[in-house]
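Open your viewer and keep the selection tool ready. We will go stop by stop, and each stop tells you what to pick.

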4 protein chains.
Amino acid sequence: MEVETSGEAREAAARRSRQENVARRIAILTAGGDAPGMNAAIRSVVRTASGAGLDVLGVKRGFEGLAYGDFEPLSSRAVANIIQRGGTILGTSRCPIFRTEAGRARAAENLRYRGVEALITIGGEGTLAGSAAFTNETHFPVMVVPASIDNDVPGTDYSVGFDTAVNGALDAIDRIRDTAFAFERLFFIEVMGRDSGFIALEVAIAGGAEAVVVPDVKWNLDALCRRLEESQLRGKRSSLIVVSERPRTGGAFAIANAVSARLGMEARVVVLGYIQRGGSPTSRDRIAASRLGAAAVRGIIEGRPPSLIGEERGEVVYLPIGETAGKQRHLDERSLELVSSLSV
Amino acid sequence: MEVETSGEAREAAARRSRQENVARRIAILTAGGDAPGMNAAIRSVVRTASGAGLDVLGVKRGFEGLAYGDFEPLSSRAVANIIQRGGTILGTSRCPIFRTEAGRARAAENLRYRGVEALITIGGEGTLAGSAAFTNETHFPVMVVPASIDNDVPGTDYSVGFDTAVNGALDAIDRIRDTAFAFERLFFIEVMGRDSGFIALEVAIAGGAEAVVVPDVKWNLDALCRRLEESQLRGKRSSLIVVSERPRTGGAFAIANAVSARLGMEARVVVLGYIQRGGSPTSRDRIAASRLGAAAVRGIIEGRPPSLIGEERGEVVYLPIGETAGKQRHLDERSLELVSSLSV
Amino acid sequence: MEVETSGEAREAAARRSRQENVARRIAILTAGGDAPGMNAAIRSVVRTASGAGLDVLGVKRGFEGLAYGDFEPLSSRAVANIIQRGGTILGTSRCPIFRTEAGRARAAENLRYRGVEALITIGGEGTLAGSAAFTNETHFPVMVVPASIDNDVPGTDYSVGFDTAVNGALDAIDRIRDTAFAFERLFFIEVMGRDSGFIALEVAIAGGAEAVVVPDVKWNLDALCRRLEESQLRGKRSSLIVVSERPRTGGAFAIANAVSARLGMEARVVVLGYIQRGGSPTSRDRIAASRLGAAAVRGIIEGRPPSLIGEERGEVVYLPIGETAGKQRHLDERSLELVSSLSV
Amino acid sequence: MEVETSGEAREAAARRSRQENVARRIAILTAGGDAPGMNAAIRSVVRTASGAGLDVLGVKRGFEGLAYGDFEPLSSRAVANIIQRGGTILGTSRCPIFRTEAGRARAAENLRYRGVEALITIGGEGTLAGSAAFTNETHFPVMVVPASIDNDVPGTDYSVGFDTAVNGALDAIDRIRDTAFAFERLFFIEVMGRDSGFIALEVAIAGGAEAVVVPDVKWNLDALCRRLEESQLRGKRSSLIVVSERPRTGGAFAIANAVSARLGMEARVVVLGYIQRGGSPTSRDRIAASRLGAAAVRGIIEGRPPSLIGEERGEVVYLPIGETAGKQRHLDERSLELVSSLSV
C-alpha cells in the first residue's frame, strides 16, 4: 500500500473538491475514555454540518481508525435516536500507532485521500494532546470538543460527561446511604477522576459526605480521624467519606484501613468504578455536547485556527490549541470548605 | 392575644439576646411551589448557622406559618438525611393573610417575639416579591434563596430545582421516544414553566425535539406544519414537539389539534404536569442549594442589606432586594436556533 | 402481482426447503401497542432460533408489514445491545388491511413465498385475536408471545411489559408524593390499563395510595368522600388516589371534580399517559421476554399446535390458541382490600 | 434492675391486658443485612395491626434492641411516607448477645415486661434461625417476614428486596455496557448473593451477559475461555461476565486474571458491592412486603404457630418455623442454560 506517500492522491482529492465544487467534507472521531454525551456531540456535528452542506465521515475506534483508514459516512438519519445513549457509536480505543509521528502522518494521508478537509475530535486531555501533535505536524485542521468525565481538560470550564458521571456516582451514594443509616457504619466510597478531584468534590457536597480526600490536597490521618470522632460525639449515626481514585490518594481501601485501625471502627469500602462512565447523559451533558459540537462545525466553516471548543463562564469560546497547555483547572477552595462546614 | 401589638415583647426579646449574650437566632421558611433542592438548602442554612453559633427556627407551611406563629427549632441532626429528598420538610402553602400589610406586620411580630433576628426565605418569584414587601414595611432583615423549577426568578442566572425539573421531564421524554419510534407518530409534550420557556427550551434541545413552542416567541401554525412536513420528506419516522404550559402558548392539546387538522396526521399529547416538580434533586441542585444557603447565612452574619442570593456567571452574588425588579431573564436566541438546526 | 394466488410459489419454497435441506426459516413481528421487553423477546427468538439452525426474518411494522411483504433478515449480531431498550426495533402499527380475511390470506402468501414455515407474534390481546384468526383461516403455524403493559392477555398470568409500566408509574407517583406532602393536597393520578385495573391496583398498593378506582369495581362517590374525610380527621397531610383510564371509570378529571365539589377541597390531577409505555425494561420483563421468546421457538421446533406461550404460577405453558378465549383474568380481591387497609 | 427474672412483671402485664381489655400489643424488628422493602413491611405491619386494634412497638437495631430493651411506639402516622425508602427506619445490627441462650431469655423478658404478646421479625436466613432459637426456647410467639436481597431464605420462593437488588445491579450493568461497547472489552462484574447465585443468574439473563459464574455450579476455566474465544470469532465486540461474590466462586478479580492470562485479552473488573443493597424498592418488593407484613399480623390474630410467612407459586403461605430447615432453594437449570443460549 502506498497510501502513506501518495501526495498525488491528496492533491487530487483537494483538486476535485475545488474544481467540481462538490460538497466539502469533514471527519469526526471519539477518542480516549468514553464519556456520556459523546453521541449527542456526534449528532450535533453531523446535523450542523449537514445543514451547512458539508459531508461527514465517521472514523471508527478513534485514532486507531484514523491510522488504519476505517471510515463510514454519517448522514443525518444515521445519528437519529442516539442523543440519549451513553458510550459512543463510533467506538474508541487507546492507539499506540498514533503516538508516533509516522502514525500521525499516515492518519493525515488517510484523511486527505478521502477529500476530508477538517477533523473534529471528541475526547479528554489525551485527545487534546494527540490532536495538538497531529495538527502541528501535519497542518491538518482540527477542532477539539472536550469530553471527559474527569472534567480535567485544560482550557475549558466544562467537559462533556462530567455532570452525568457525578449524578451516576451520586445515585450510587444515595443507595449506600440507606445501608449506612440502617447499620450506623463508616463507608469509604472511591470515585473516578484520575489526577483531579472534581468528581470527588461535587459528589461529596451533593452526597452530604462527612469528608473528601482529593489528589489536590494532601490528606491527613489525624485530622480525618478527629473529624470522625467528633461526628460520633455529635450523635451522627453513620458517615460517608468520598475518596478520589488511587494514583495520588492511595485509594479508598488504604485510607479505610488506616482509619479503621486507628479508631477501632468497622469500615466498609465501595469502589464505584465503571458505573460512573456510562448511562444516559443528563440534560447538562446533552446540551453542552450539542452546543460545542455545533460550534466546532461553525469554527471550521469560519476558517478558525485549530482550537479547543470550550466553555468559559457559561459562554462558548474558541481557544487555539497551542494556548491550552498549562491551563490546568484547580479545585475551588470554598467548595472544599463547604464539605466540612455542612457535615456538622 | 396581643402578640400583634406587643412592642414590649419584641423589645424584651432583643434585650435578652443582647444582655445575656445568648445565641442569636434566625428563622427559615420555604414558600410557593415546592422545588427539588429546597431540603438541601434548609440543611445548608441550619448547619452553616449552627457552625456559626446561631439558632435556627423552622417556619411551617411558608408565610402561613409565619403569620400564625407555627415554628419549630431545627438542629443539625434534624436535617440529617434530607439532602437527597424532593419536596420540603417544612411544608409550603399559598397564604392569603400574608398578602395584606396587616398580615405581614403580624408575621414580623411573631418573629420578634421569639427573638429571631433575621429570616431566610426559599422560593420563587412570588416569594421574592412577598419578601420584598415584608422587609420594606417591617424593616425585618430577610435573605432570599431562589428556588423555582421555572428558573424565572429575576436577578439570578439560576434557581434551585430547575436542573432536576429538566432532567425529570427529559426522562419522561426518553420514555415517550420509545413509543414514538415504534409507532412513527407525532407527539406533543407539554412541560411546566409558567410564563417562561426555560424548561421547554432545555428539554427540547436535550430531548432532540423537532420543534419547541415557548411563551417568549409567537408560534406560527404554517411554519410548524411546514417544518413537520419537511421532516417527513427527509424520512423522519417520528417527531416530538415540546410545548410550554398553557397560559401563553395555548397548551399542547390546542396546538396538536391545529396541526393534526391541517396535516391530517394523527397526534398524541402528553402533559407531564407534577412529575416535573418532585424527585430526588440532581447534583447541580444540591450543590447550588448548599452554596446559596450557606451564603444566605454569611450574608446575615456580615450584616448585609436584605438581598437575593443569586448566581451570576457561576459566582454567588448578593443583589439587594430592591434591585431585583425588572431583571427578568430572557431565553437565549442561539439556543432556540439550536433546536431547529439539530432536528434536521 | 399474483402473489395472492400463487399456490405454486408457496409449494416451490416448501419443496426447496425439504429437498435441499436448507435452513428452515421463521418470521417474527411485534404488533399493537409497544411494550418494554419486546426487544428482549426479539433477541431471544433470534438467538434461540440461530442456535437451532433456523433463519429468522423480521417483519416491519407488525401485521402491516406482513400484509405488504416488508421483511428483513435478523442475525444474532443484529439483535446485539437491544435487550435494554424500550419500544421495538421492528416497529408496530394498527393495520386495517390485516383485519380482513383477504388481508390475512395475502399475509400468509407473503410468508410462504419467502419459505417461512412459522410465525412468532409478540403483542397483546388484539395481537392474540389477530393471530388466532390468521392461523385458523390460513393454517399457517403461529406462536404468540404475550406482551402488553396492561397485563390483560387471556390465558397467561403475565404479559411482558407490565412490570416496567408499573414501576414507571410508581416512579412518577413517588415524585408527585413530594409535592403532595409539601402542599398537603389531594392528587388524582390516572394510569393506563384499558379495560382492566391491573396497573392501577399494583401502583396503588406500591404507591401507598389512599384509594384506587378500577374498571372492575363500580366506584362510589359517597364511600370515596367518606374515606377521604376520615383520613383528614386522622391527620393525614395529603392523599393520592389512583384511577384507571377513562373508558370505564370516567377518568381522573371527572372523579377529581366530583370529589372536589362535594368536599370543598382543592384537588390536582395528573394523567401519566405514554410515559408508562416506554423506558428500559425491568429485570422481570427482560427475563420473561427471554424465557417466552425461547419457548416460542422450541414450540415450533417441537411441532406444537399454534399456541399462546404463557406463564402460569411461575411456569412456562403452551396454551393452544383456540383455548385462550374466555380466559379473562380478574383482579385479586385481597389486593383491593390491601389498598384500604394499609392507607389508614 | 430485675427485669430478667421478674416473672411477676410479665404476669402483671398479661393480667392487665386481659382484665382491662386494653389493646393487645405486638413488637416488630428488622435484623441482619438491610433489604429494600423493609420499610414497606414495617408500614404494613403497623397499619394492619392498627386496623385490628393492636398496638405496635418498634424495636431499634434488631435483636440488639430486643436484648437491651430499646423500644418505641409506632403509630400509623409514624410510618407515613416510608413505603418508598430503602434501608430500615428501625435500624439493624449484628448482635452477639442475642446469639446466647441467656441473651434470648433476656429479650423475651423485655417483651413480656412491656406486655408484648407477639413479635414480628423481618430479615433473612440468620434472622429466621435466630427467631427459631428464640421461640423454641422462650415459647414467645414469633412470625418471620423474609427479607433478603440474596433471596436465599429457606421455605419461601421469594424474599423482600431481591427484585430491587437485581434491578439495581442491572442498572449498573447497563451503564457498564456503554463503555464495553465503546471499547470492545471484556468486563467481569461481581454481584452479591452470599452462598447462592440467584442475583447473579437473574442479572446475567437480564443483562445479556456472555456467561455467569455461580456458587451452585463449579466453573471451568477451559470452558469459559473457549466460550469467549468463540464469541470473538462470531464478531462480538465486547462481553460481560457476571460473577457471584467471593466465598465460593473466588470472586471476579481471580477469574478475570485467570481468563486474561490465558487468552491474552485485557479485562476490566467491577465489584458492585453495597449499591445493590439500597435504593427505593421496586413495585414487586413493596407489594410483597405489604402482603407478607399484613399476613404476619393476621397470623398472630388467628393464633397460628410461629411461622415463616412465605410465597409459594404466587400465594402467601404460613410455614411453621420448625419446618423451614433443609428447604434450601436451588437455581433453575433451564435459566442457567438460557444465559448461554441467548449470548450467541
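## Stop 1

Select Leu272(A). Leaving aside its neighbours within four places in sequence, Leu272(A) is in contact with Ala169(A), Ala172(A), Ile189(A), Glu190(A) and Val191(A). Bear in mind as you look that this is a predicted model.

Is Leu272(A) buried or exposed? Count the other C-beta atoms within 10 Å and you reach 28. A residue counts as buried at 20 or more, so Leu272(A) is buried.

Leu272(A) and Val56(A) are 216 residues apart along the chain. Their C-alpha atoms are separated by 37 Å.

## Stop 2: a helix in chain B

Select residues 125-138 of chain B. This is helix H5, with 14 residues. At 1.5 Å a residue, H5(B) should span 20 Å. The end C-alpha atoms are 20 Å apart, which agrees.

Next, colour the buried residues of H5(B). They are Glu125(B), Thr127(B), Leu128(B), Gly130(B), Ser131(B), Phe134(B) and Thr135(B). What do these buried residues pack against? On the helix side, show helix H3 (63-68) and helix H4 (101-113) of chain B. On the strand side, show strand E4 (116-123), strand E5 (142-146) and strand E10 (307-312) of chain B.

Step just past the end of H5(B). There, His139(B) takes a positive phi of about 60°.

## Stop 3: a strand in chain D

Select residues 25-30 of chain D. This is strand E1. Of its 6 residues, 5 are buried, so E1(D) is largely enclosed by the rest of the structure.

Which strands pair with E1(D)? One is strand E2 (residues 55-59) of chain D, which runs parallel to E1(D) and is joined by 4 bridges. Zoom in on Ala27(D): its bridge partner in E2(D) is Leu57(D). To follow the chain from E1(D) to E2(D), trace it through helix H2 (residues 38-51) of chain D. This β-α-β crossover is right-handed.

Another partner is strand E4 (residues 116-123) of chain D, also paired with E1(D) in the parallel sense, over 6 bridges. In E4(D), Val116(D) stands opposite Arg25(D).

## Stop 4: chains A and B

Show chains A and B together.

Through which surface do the copies meet? Of the interface residues of chain B, 100% are also interface residues in chain A, so the copies meet through the same surface.

## Stop 5: chains C and D

Switch to chains C and D. Chain C superposes on chain D by a rotation of 180° with 0.0 Å of shift along its axis (RMSD 0.0 Å). Of the residues of chain C, Arg313(C) comes closest to the axis, with its C-alpha at 2.6 Å.

Now select the contact between them. Chain C gives 37 residues and chain D gives 37 residues. Several helices of chain C each supply at least two residues, among them H2, H6 and H12. Which helix gives the most? H11(C) does, with 7 residues. Colour the side of chain C by class and you find 11 nonpolar, 16 polar and 10 charged residues.

Technical notes
Residues numbered from 1 in each chain as written. Chains lettered and ligands numbered in written order. Predicted model: local features only at pLDDT ≥ 70, side-chain atom pairs only at ≥ 80, totals over all residues. Contact = placed C-beta atoms within 7 Å. Nonpolar A, V, L, I, M, F, W, Y, C, P; charged D, E, K, R; others polar. Least-squares fit on C-alpha atoms with pLDDT ≥ 70 in both. Expected span 1.5 Å × (residues − 1). Buried ≥ 20, exposed ≤ 12 C-beta atoms within 10 Å, placed from the backbone. Pairing = 2+ DSSP bridges. Right-handed = clockwise from strand over helix to strand, strands pointing away.
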